[in-house]
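Dear colleague,

Please find below the structure that I am handing over to you. My findings on its aromatic pairs and its nonpolar core follow.

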Amino acid sequence: RQRDDLLAAARDWQAAGAWDRLHQVLLDRLGQADRIDWDRAAADLAAVPAPPGGANTGPNPPDRGKPGTKRHVVVDANGIPLAARPPAANVHDCTMLVEIIAAIQPFGGLHEDSAAADEQHADKGYYGVCLEDRRRRGIIPWIARRGTERRDRHGLHRWVVKRTLAWFHQFRRLYVRYERRDDVHQAFLTLGASLICWNFLQWESC
């Protein structure tokens, strides 16, 4: 009964936009406190098992084709999660970078055109789809090219997003996806991003 009530609340609040507004309020506070570092942003992903299957899940190649989803996250230079999206595990990474960047909303007094970092770093899987889009917006895209650039050349700036992905994994309902409904899983993902933002605010006050 308690679990059903939890899932119903997550579903209903997601439909009402409550989780997105919570995340937005926390980002506003971090922005107003000058905690968001727009010198660069970093994007990366983690594959998550989804044993029950459901919407936005698919065969996960690294997990022998078992049902899974991916967690795409974009963070600022400090590792603050700005947006997160969970497509199916078999959705190609390069199709998601434009979407995850577009999901960042202006906050902390920023104009909409300012809600983007000067540089954006990403893994080789994102290469090829959005370079021209980034350049048109005056953003320098640092995306490793397959077969030509070593991973460690970009690791100097991308370790912060790896750390943030590890923080997401500390939440039980995000380490493994148990929800068949994609809106409920997105609700828990946005709540996780909000809790990480809250922790950054607490560090600021210490």
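Trp 13 is partly exposed because its relative accessibility is 48%, where buried means under 20% relative accessible area, exposed over 50% and partly exposed in between (1.4 Å probe, protein chains only). Trp 19, at 13%, counts as buried. The model is predicted, so local features need pLDDT of at least 70 and side-chain atom pairs pLDDT 80 or more, whereas totals for chains, interfaces and linings use all residues. Residues are numbered from 1 along each chain as its sequence is written, and side-chain values use heavy atoms, without hydrogens and water.

The whole structure contains two aromatic pairs, meaning rings of Phe, Tyr and Trp (its six-membered ring) with centres within 6.5 Å; planes under 30 degrees apart are stacked, over 60 edge-to-face and the rest tilted. Trp 13 and Trp 19 form a tilted pair, at 5.2 Å centre to centre and 40° between the planes. Trp 167 and Phe 200 form an edge-to-face pair, at 5.8 Å and 70°. Trp 167 belongs to helix 5 (residues 155-169) and Phe 200 to helix 7 (residues 182-205), so this pair ties together parts 33 residues apart in sequence; helices are DSSP runs of H or I, at least four residues, numbered from the N terminus. Both Trp 167 and Phe 200 are buried.

The largest nonpolar core has 40 residues, namely buried Ala, Val, Leu, Ile, Met, Phe, Trp, Tyr and Cys joined through side-chain atoms within 4.5 Å. Helix 7 gives the most to this core, with nine residues.

Yours sincerely

Note on methods
Helix = DSSP H or I, 4+ residues; strand = E, 2+ residues; numbered from the N terminus.
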